[in-house]
Amino acid sequence: MSYAKNAGHRHQNPQPIAKDYMQEALIEAQKAGKRGEVPIGAVLVHQGAILARAGNRTIELHDPSAHAEILVIREACQKLQSQRLPDCDLYVTLEPCPMCAAAISFARIRRLYFGAADIKGGAVENGPCLYHQPICHHAPEVYSGFRESQCAHILRDFFKQRRGESGT
């Protein structure tokens with residue numbers, strides 16, 4: 001069962017997911033991992049269709065802001081010719097960091113669905129809990145735990161492999 005966190009209240013997800021968009025985000029995460037990037041994937045959905053999809057590309061693009069969430073927001077804004085995405089939902093495999101959480105707020109994304117929590121770097125339910133701060137102008141509905149074990153597993157495997165390669 002999924003829950004929403006909006007203004008500090010938990011309630012059941014009011015909208016059934018017609019398609020498993022988190023599975024699509026996991027595919028993007030796997031692609032990112034194969035490129036040597038941290039395996040995080042995102043898809044942005046508008047009117048029931050995937051408008052943008054991406055995995056992390058920080059290494060490939062030599063850009064520390066090229067997180068999956070930022071890339072799909074940029075692509076969707078270009079496609080819709082708008083800086084705001086109020087009728088869009090974002091699915092991402094890991095809890096967004098402070099930069100991505102702020103971009104989600106600035107883009108006015110309607111709903112955020114994420115898989116695994118990020119205790120060290122997350123900014124939605126962990127860390128600064130950005131959407132509960134008075135400086136936050138827009139807080140999306142937040143639904144966490146979608147395919148959580150799969151999302152966490154892909155990250156754990158990636159970092160185990162990296163540690164094994166470096167000999168530490």
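Colleague: What share of the contacts with a separation of 6 or more comes from residues 24 or more positions apart?
Modeller: Such pairs make up 58% of those contacts in the chain. Contact here means heavy atoms within 4.5 Å.

Colleague: Before I go on, what sort of model is this?
Modeller: It's a predicted one, where local features need pLDDT of at least 70 and side-chain atom pairs count only at pLDDT 80 or more, while totals for chains, interfaces and linings use all residues. Residues are numbered from 1 along each chain as its sequence is written, and side-chain values use heavy atoms, with hydrogens and water left out.

Colleague: How many helices and strands does the chain have?
Modeller: Four helices and seven strands. Going from the N terminus, the order is β-β-α-β-β-α-β-α-β-β-α. Both kinds are DSSP runs numbered from the N terminus: helices are H or I with at least four residues, strands are E with at least two.

Colleague: How much of the chain is buried?
Modeller: 46% of its 168 residues. Buried means under 20% relative accessible area, exposed means over 50%, and partly exposed is in between, using a 1.4 Å probe and protein chains only. The chain exposes about 8700 Å², with 53% of that supplied by carbon and sulfur atoms. Those areas come from the Shrake-Rupley method with a 1.4 Å probe.

Colleague: Which residues in the largest nonpolar core touch the most other members?
Modeller: Leu44, Ile73, Leu85, Leu90, Ile109, Leu112 and Tyr131, out of 50 residues in that core. Helix H2 (residues 68-80) gives the largest share of this core, seven residues. A nonpolar core is a set of buried Ala, Val, Leu, Ile, Met, Phe, Trp, Tyr and Cys residues joined through side-chain atoms within 4.5 Å. In soluble globular proteins, nonpolar side chains tend to be buried together.

Colleague: Pick leucine 112. What is it in contact with?
Modeller: Leaving aside neighbours within four places in sequence, leucine 112 has contacts that include Leu90, Val92, Ile104, Val124, Tyr131 and Glu141.

Colleague: Which residues of helix H3 are buried?
Modeller: In H3 (residues 98-106), Cys100, Ala101, Ala103, Ile104 and Ser105 are buried. Their cover includes H2, strand E5 (88-94) and strand E6 (111-116).

Colleague: Is glutamate 28 buried or exposed?
Modeller: Buried, because its relative accessibility is 6%. Glutamate 28 lies in helix H1 (residues 21-34). Beyond residues up to four places away in sequence, glutamate 28 touches Gly41, Ala42, Arg53, Ala54 and Gly55.

Colleague: Changing topic to backbone angles: what is the phi of glutamine 47?
Modeller: Positive, about 55°, although glutamine 47 is not a glycine. Most residues other than glycine have a negative phi. Glutamine 47 sits in the loop between strand E3 (41-46) and strand E4 (49-55), and counts as exposed because its relative accessibility is 70%.

Colleague: And what about arginine 147?
Modeller: Arginine 147 is not a glycine either, and its phi is positive, about 50°. You'll find arginine 147 in the loop between strand E7 (141-144) and helix H4 (148-166). At 31% relative accessibility, arginine 147 counts as partly exposed. There's also arginine 108, which follows H3 and has a positive phi near 60°.

Colleague: What is the volume of the largest pocket?
Modeller: About 180 Å³. Of the 11 lining residues, Gly33, Lys34, Asp157, Phe158 and Gln161 are the closest to its centre. On a 1 Å grid over the protein atoms alone, a pocket is an open set of points where a 1.4 Å probe fits, with protein on both sides within 12 Å along at least five of seven lines, and lining residues have an atom within 4 Å of a point. The volume is the space filled by probe spheres set on the points, which are joined across faces, edges and corners.

Colleague: Which helix gives the largest share of that lining?
Modeller: H4, with six residues.

Colleague: Last one: is aspartate 118 buried or exposed?
Modeller: Buried, because its relative accessible area is 18%. Aspartate 118 is in the loop between E6 and E7. Not counting residues up to four places away in sequence, aspartate 118 touches Leu94, Glu95 and Asn126. Glycine 127 is also in the loop between E6 and E7, but glycine 127 is exposed, at 59% relative accessible area.
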